Amino acid sequence: MYKNASSSILRAASSRSLRSSLTSSSASAAASPCSLVGQRSFATYSPAFRSLARWSHCLHSRPSPFRLSSQIRTASPVLDRLEKNFSSMASEHPFKGILTTLPKPGGGEFGKFYSLPALNDSRIDKLPYSIRILLESAIRNCDNFQVTKEDVEKIIDWEKTAPKQVEIPFKPARVLLQDFTGVPAVVDLACMRDAMNKLGSDSNKINPLVPVDLVIDHSVQVDVARSENAVQANMELEFQRNKERFAFLKWGSTAFHNMLVVPPGSGIVHQVNLEYLGRVVFNTQGVLYPDSVVGTDSHTTMIDGLGVAGWGVGGIEAEATMLGQPMSMVLPGVVGFKLSGKMRNGVTATDLVLTVTQILRKHGVVGKFVEFYGDGMSGLSLADRATIANMSPEYGATMGFFPVDHVTLQYLKLTGRSDETVAMIEAYLRANNMFVDYSEPQQERAYSSYLELNLDNVEPCISGPKRPHDRVPLKEMKADWNSCLDNKVGFKGFAIPKKAQEKVANFSFNGKPAEIKHGSVVIAAITSCTNTSNPSVMLGAGLVAKKACDLGLQVKPWIKTSLAPGSGVVTKYLLKSGLQEYLNQQGFNIVGYGCTTCIGNSGEINESVGVAITENDIVVAAVLSGNRNFEGRVHPLTRANYLASPPLVVAYALAGTVNIDFETEPIGTGKNGKEVFLRDIWPTTEEIAEVVQSSVLPDMFRATYESITKGNPMWNELSVPENTLYSWDPKSTYIHEPPYFKDMTMDPPGPHSVKDAYCLLNFGDSITTDHISPAGNIQKDSPAAKYLMERGVDRKDFNSYGSRRGNDEIMARGTFANIRIVNKLMNGEVGPKTVHIPSGEKLSVFDAAMRYKSSGEDTIILAGAEYGSGSSRDWAAKGPMLQGVKAVIAKSFERIHRSNLVGMGIIPLCFKSGEDADSLGLTGHERYTIHLPTDISEIRPGQDVTVTTDNGKSFTCTVRFDTEVELAYFNHGGILPYVIRNLSKQ
């Protein structure tokens, strides 16, 4: 499969090649901003946004930032030959013969496009729609250098090539960032400019070559809840804490070309992407092509519900994409998921997505696309589809893709896209066989494997208490909860002794008696991109609140309730429907527009509640409409965390406990003294549809997104310097110059050896990126807290790890700082500590790592299955690298995290099937030598290597460098040094 490895690495190692003089070939993966679908005028943007001149800057005539002579592992005669032939290769587009005009129905033309039907190849007719997008991109960008005809053939022959794990290049149309991942990305870009400067090269070569949209949504915390003033109060606190970060991002939007920053308070990145940023089809200088996007948030996949190919990548990979580096990816298999039937009355999209997640996790879809089709699609709204697509990371797929059909077009009109734009989108996709019309006979498509779900079989459910895919049917919840109390500590267990299970903790709340028990709900949050973009479940929650108010039910005052919509549109339709009033009465006041509780920004719970929990060792619960419920993520004191639909969040808040059987037990007692059951307050599907129809209107979307372009007063008042090089403040605890390029030279360091390394940590299965690099609270006794206090930062101003990702000193100290982390070296003791093997001392992970590093000792990590699952968090790779970790040996890796490890120069290794640390008798007290060649030319993707220990054990692992390009990154010490060296040689 690597018979053409040399040309493959030449292609992938290069950046954007010189474009053909033909107009047709000038259409790159980067969209010309002046042709934004929806004809949005960026001329009206305030200084908070990219200026029109910046946004309209033509990208296609830029010289290639990579010279051929800078390529890796290729003999110079080959370079010379390619360099001589390059101009002739680029002068004529290899597929110019299929460049076709797309006429407008009333005369004229929409533009030109590369026509898949014009290839007249029957294999294309059987391709999944998601693969057709990869094919179109390869054809359009084909120059026989970066993208070759061989690559195009691989994709056309997908049925035969995908099982062989062949490598292809892909050039996304744009990059999407949020502020938690966006800040370190901009920090890296600024640092790369400095590195270029030190190497004597032009620092302005570091500029995004594709459009970059950054939405600030991860910083708002629920400090104030149950208040009419919560939105303003929380935003003021958000700006107080993050003023420096926000100013830095605003600087980035002016210092770098092609970067749009959407200010705080505008909405959640994926909902903004769905409702506004998503183009579906680009029109760049008269050439039409499908929208596609990679994002530094794993839930970028939400856009797949709109028929836009998008998925999450690591921050460092996104940075390389911005700088013109083609993505190298393995041509994925595609699971065909047929939906049939119709969901029953009262069943929500959240119930459906939790069911789909469980099915796909069981099937195994890591590294694959999932494509949905079937008669059941007609009954799913676009918002329902986006909910399913959103949770692709939870079921493990790269994408959960819904091809464009009539439902998509209706949504585009609903969200304010113009009729002309929608007509262009439909015409292009139909002409290029990328549109699904369920009123016509369907041609059978080929898939790698097949699944089917009758929607009638979906039942109400929630997921938890510690993982998104641990679905629990609602009717079984009480029994499941009680078994969790009994079970030993694990994903479904808390090991509470029988005699302690009925314990009641009494306390005083605002001068009145209160009590909590095991299973008591202390946080109830309607939050997250997964559900707040869906009007049916949001208005459904409002109807539940209204019915509860009408019957006299009231949420207990000590439960921290909150509502954080994904965009201002939600507020508009909740107000128009009159339902926000009832949500407010139940404590679900709007607290802000951002991710909040779903990413751990739940804020503090009342001190009296917290004391009652800790002093009585009560297992309390959070119920949220989010997508992640890993232990320690939502709040340090909620050991049980359940994902539920927004209506069920309200229901559980009313019940006050998860230890309830909604079928047989009442939620509470109404004002007439009668018992009230869930069925008494649950709206019918028809009721919800009626209020959606009357309350969700296109003008709401237009008005919302016209207003966000004006910024807000606090954002607009931020002043930033005009320098293109950033002035680092050594006293800053938010933005710090990282050491990645310190002492960097133009010569690649080559592969690093791992000899007699100590085991820093020994993990079991399902260690998430939240365990590795938490985003939430900075604990008061942690190394990061100590660092902040030494610099005069008060505890109240610690903020979160996520907000301080621009400071490598804090993030290195926060690596493996999750308070719920389980390290086998600690023999059952839970928390962010490890054993320093030489001395036997128990230390914080950071302190142990620094002791190893200062004595010149390498370290490795042992892990189980699904290492690095969860959010696409580049700090989960950067942090271990800064701690001195050289390799991770695991049973399996989450896709993005493995890529991030490679990007930071850490070696990912997999145990052979059926083996793990336990079966091999490894305790973590050994010293490990990885017998990897020190010459990069002797390493091949996926090859076996031998690992030996100082006590005589020997075992074989697979090196998880999956492509030749990843080997190139490893040779350079990571992806960013690789890019800098190539740019410097321009």
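Asn510 counts as exposed, at 64% relative accessibility, where exposed means over 50% relative accessible area, buried under 20% and partly exposed in between (1.4 Å probe, protein chains only). This residue has a positive phi of about 50 degrees although it is not a glycine. Asn510 is found in the loop between strands β18 (504-509) and β19 (512-517); helices (H or I, at least four residues) and strands (E, at least two) are DSSP runs numbered from the N terminus.

The structure is a predicted model, in which local features need pLDDT of at least 70 and side-chain atom pairs count only at pLDDT 80 or more, whereas totals for chains, interfaces and linings use all residues. Residues are numbered from 1 along each chain as its sequence is written, and side-chain values use heavy atoms, with hydrogens and water left out. The protein chain averages a pLDDT of 88, and 91% of the residues score at least 70; pLDDT is the predictor's confidence in each residue, from 0 to 100. Over residues 1-90, pLDDT stays under 50, and the model has 244 contacts beyond four places in sequence for this stretch, a contact being heavy atoms within 4.5 Å. Where pLDDT is low, the predicted coordinates should not be read in detail.

A second case of positive phi in a residue that is not a glycine is Gln285, with a value of about 50 degrees. Gln285 lies in the loop between β7 (281-284) and β8 (287-290) and counts as partly exposed, at 37% relative accessibility. A cis peptide bond, with omega near 10 degrees, leads from Gly464 to Pro465. Pro465 is found in the loop that separates β16 (461-463) from β17 (471-473).

An open sheet is formed by five strands in the order β6-β5-β4-β9-β10, with parallel pairing; two strands pair if DSSP finds at least two bridges between them. At the edges stand β6 (259-262) and β10 (309-312), each with a single partner strand, so one side of each is left without a neighbour in the sheet. On average, neighbouring strands of this sheet are turned by 20 degrees against each other, direction ignored; axes are lines fitted to C-alpha atoms, for helices over the stretch in contact, and angles run from 0 to 180 degrees between N-to-C directions. Strands β4 (residues 174-178) and β5 (residues 212-215) run parallel and are joined by four bridges. Leu177 has Leu214 in β5 as its bridge partner. Helix α8 (residues 179-198) packs on the sheet and touches β4, β5 and β6, its direction making about 115 degrees with that of β4.

Seven strands form a closed barrel, running β26-β29-β30-β31-β34-β33-β32 with mixed pairing. Within it, β32 (residues 927-931) and β33 (residues 944-949) pair in the antiparallel sense over four bridges, and His931 stands opposite Thr946 in β33. Helix α31 (residues 845-854) packs on this sheet, touching β26 (754-762) and β29 (859-862), and its direction makes about 170 degrees with that of β26.

Strands β27 (residues 833-836) and β28 (residues 841-844) run antiparallel and are joined by four bridges. His836 stands opposite Glu841 in β28. The hairpin of β27 and β28 has four residues between the strands, and Gly840 takes a positive phi near 80 degrees there.
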